[in-house]
Amino acid sequence: MAKSKTQTLPRSAVHGSMAVVGLLAFGAGAWLIRAERPWSGAWQPCLLLLFWVGILILGADLIWNGVHLRASTGLDHKHHDPSLGRSAIKFLGLMGSMGLVAVGYLIFPVYSDPLYLPFFSMLPVLIPLWLVAAVPYFYLVDRRMLVPQDGYWQLGELLLLRWRGVDRRVLGQHLLGWLVKGFFLPLMFGYMCQDMASLLGFDPASGPKPVFDTAYASMYFVDVTLVSAGYLATLRVTDTHIRSVEPTMLGWVVALACYQPFWSMVSGQYLAYHTDYDWQQWLASVPTVYAAWGGAILLLTAVYLWATLSFAGRFSNLTHRGIITNGPYRLSKHPAYIAKNLSWWLISVPFLSQGGFWDGLMRCLMLFGVNVLYWLRARTEERHLSSDPVYIQYALWMEQHGWLRRVVRIRGLGFLRYKVPPL
């Protein structure tokens, strides 16, 4: 491990090799699925790909890295306290968690959008498998738990009207965790199915534009697949469970503002930096510069994807599921946000607005507003993760060794520096 006079880089929750495992798992799965065409719809191959990628990533983590033996799981394999009663209460808590999310799907009109149709088509297959697997899982894991009264148990007790024994903090965090999964999983699975439909109908074409478009879309396909698997794989036995959920309203607001359906309002009404004139139109007549500019965009997108792959089965917005300190996170605390925001400047080139100087200036300011939104996401995430001493150690190490350490020391940019928040 890298060392400094005052700080040591803490061990990452995910081994660096897992990024390669995830990428290879996706590649093999996508190749097999495309070879087995035709499919009647996109959700069936997407569900198969999720299971394939998830099993390979979690299995490799268990076998190679022994993640089930970590203290952070809350399990002690020498501890043996089986209880059918506790396990039954937890199963009831699972049913209650799913029921609360289902009520949200029924109430909110947004879930009638065609984007979510593949997710709801997939649920009749996924839920029975989920419930059948949950029965032995709860029993086998519960008997090894040092503190078995987790969120599922708390909700189960509440549903049994045993109010006195309920820990409101644990219950609240559990419900917030399910709110995160209930919001993001349908969205990411919908995007995944759109990308799967493109894969199944893919017809290779020559020329710089088709090559760029295919490479760019493929990297986001890998991203949403790993992200979807992460929302499904919240398992204590693989150390991918949710340790805590973002506790502040500001953290939730700035995160949700970056996703549909909220992003349509934000980008359409307040931060509409897009124009009909993008980088490909600008550089279409200059092939060499086109290739270099497109290569820079793809490189930034690859860094963004690398950041997602570095989480393996632990990616999830608004949650703490282990501190990542290797891969691109060894270079910067927020490599995904930095890479994504820089790529948007290269893609949209708002400074070349055909509406003239003032229109271009306004669009640049609006894209800068998007950058500020992501900076707020980064700051709220840092504050949340700083409840873990490992993150504080990591962030202080980055202040001394990160690639941007000299930037944040520039006079006037001190607000970008990490400060241990009062807890």
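Predicted model: local features only at pLDDT ≥ 70, side-chain atom pairs only at ≥ 80, totals over all residues.
Reader: How are helix 2 and helix 7 oriented to each other?
Author: The axes of helix 2 (residues 43-65) and helix 7 (residues 208-232) come within 9 Å and cross at roughly 70°. Angles of 65 to 115 degrees count as roughly perpendicular. Helix 2 and helix 7 are therefore roughly perpendicular.

Reader: Which residues of helix 2 meet helix 7, and how many charged residues does the contact have?
Author: From helix 2, Leu49, Leu50, Val53 and Ile57 take part, and they meet Phe221, Thr225, Leu226, Ser228, Ala229 and Leu232 of helix 7. Sorted by class, this contact has eight nonpolar and two polar residues, and the number of charged residues is none.

Reader: Which elements give two or more residues to the lining of the largest cavity?
Author: The count is one cavity of 30 Å³ or more, and the largest cavity holds about 40 Å³ of space. Its lining consists of Glu246, Gly251, Val254, Ala255, Asn317, Leu318, Arg377, Thr380 and Glu381. Two or more of these residues come from each of helix 8 (249-256) and helix 13 (357-385).

Reader: How do the lining residues of the largest cavity divide by class?
Author: Glu246, Arg377 and Glu381 are among the residues of the lining, and Glu and Arg count as charged. The whole lining divides into three nonpolar, three polar and three charged residues.

Reader: What do the buried residues of helix 8 pack against?
Author: The buried residues in helix 8 are Gly251, Trp252, Val254, Ala255 and Leu256. Gly251, Val254 and Ala255 also line the largest cavity. The buried residues of helix 8 pack against helix 6 (168-200), strand 1 (244-245), helix 9 (262-270) and helix 13.

Definitions and conventions:
Residues numbered from 1 in each chain as written. Heavy atoms only, no water. Axes fitted to C-alpha atoms, helices over the stretch in contact; angles between N-to-C directions. Helix = DSSP H or I, 4+ residues; strand = E, 2+ residues; numbered from the N terminus. Parallel < 35°, antiparallel > 145°, perpendicular 65-115°, else oblique. Contact = heavy atoms within 4.5 Å. 1 Å grid on protein atoms, 1.4 Å probe; cavity = no way out; pocket = protein on both sides within 12 Å on 5 of 7 lines; lining within 4 Å. Points joined across faces, edges and corners; volume = space filled by probe spheres on them. Buried < 20%, exposed > 50% of the residue type's maximum accessible area, 1.4 Å probe, protein only.
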